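Here's a quick tour of the aromatic contacts in this one. Have the viewer open as you read.

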Amino acid sequence: MTDDRRDAAKAEASVDPSAVPADEKAVPANEAKVPATETDERGEPSTSALLGAALGGAARRAGLDPSAEATTGHVVWRAMGGWRGVLESVLPSLAFLIIYTVGKELLPALLVSVGIAVVFTAVRLIMRQPASAAIGGLVATGAAAALALWTGRAEDNFIWGFLTNGIYGSAFLVSALVGWPLIGLAVGFLMNEGTKWRTDPRKRRVFFWLSIAWAGLFALRLAVQLPLYFGASAAVEGSPEQIQLASALATTKLIMGLPLFAPLVAVTWLAVRALYPRPTE
């Protein structure tokens, strides 16, 4: 979770990495230390500890820290990146959809879509705000647009999204099936318990199903969008059928972005908070 590239990144932390306010302070070094129990015989951090630290750090930067004082609505809003994150995720795809559907010309739609991404990235750089996610999004948008221009087919503008959905969905699914769900690794780091959650059947069960749910989100996108892509690819280039299917693909990408991403973030947050209730005063 939105633009596929941004949504997927957020979901990893599961979770969207552009949700870092400009005035957010850096995480203190002592909060990012790997627990001593998560080191190998040489005292080096284990693979699970390193992965958990990476995922947990991304989650914290996106505002998904279950140890923090925050309402569910606030957490979801931060995960989406606030108004700027929403606009950065939606406007490029929305502009492409409108311009291509109305004008039926690929080049103007791609130029405007990439141009909007450039503007958002430039604004972040000028204001000296974290721009890594915006730059990554710009690169992905540019690469997708270049492929579509090279082939001359609008539906190829969405191939990058298919790849990211497939990769992230597979990662969540495999991690859950092998007993090391990504959600659990991230939460274990954030709650400073490493992989101790694996000894708790209830936590393992919740983290398993949360990871399956995220894998399901990515799989659902592919299940709905790939038939539209193949249908558009099979149609004659520039025909009404091809234009209609490509426009439908752009529409479903928008519908299956933030509207699906936000509720799943909320469910994940509530489930994790239920596992780690705050001590009463």
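Predicted model: local features only at pLDDT ≥ 70, side-chain atom pairs only at ≥ 80, totals over all residues.

Residues are numbered from 1 along each chain as its sequence is written, and side-chain values use heavy atoms, with hydrogens and water left out.

**Ring pairs**
- The whole structure holds 11 aromatic pairs (Phe, Tyr or six-membered Trp rings with centres within 6.5 Å; planes under 30 degrees apart are stacked, over 60 edge-to-face, the rest tilted).
- Phe-96 and Phe-158 pair up edge-to-face, with 5.8 Å between centres and 80 degrees between planes.
- Phe-96 sits in helix 4 (residues 82–103) and Phe-158 in the loop between helix 6 (132–151) and helix 7 (159–177), so this pair ties together parts 62 residues apart in sequence (helices are DSSP runs of H or I, at least four residues, numbered from the N terminus).
- Both Phe-96 and Phe-158 are buried (under 20% relative accessible area, 1.4 Å probe, protein chains only).
- Phe-162 and Tyr-229 are edge-to-face too, because their centres are 5.4 Å apart and their planes at 75 degrees.
- Phe-162 is in helix 7 and Tyr-229 in helix 9 (residues 201–234), so that pair links parts 67 residues apart in sequence.
- Phe-162 is buried at 9% relative accessible area, and Tyr-229 is buried at 13%.

**Cluster and charge**
- Tyr-168, Phe-172, Trp-214, Phe-218 and Phe-261 make up one aromatic cluster.
- Arg-198 lies over the face of Trp-180, 3.9 Å from the ring centre (the cut-offs: NZ of Lys or CZ of Arg within 6 Å of the centre and within 35 degrees of the ring normal).

Terms used. Helix = DSSP H or I, 4+ residues; strand = E, 2+ residues; numbered from the N terminus. Buried < 20%, exposed > 50% of the residue type's maximum accessible area, 1.4 Å probe, protein only.
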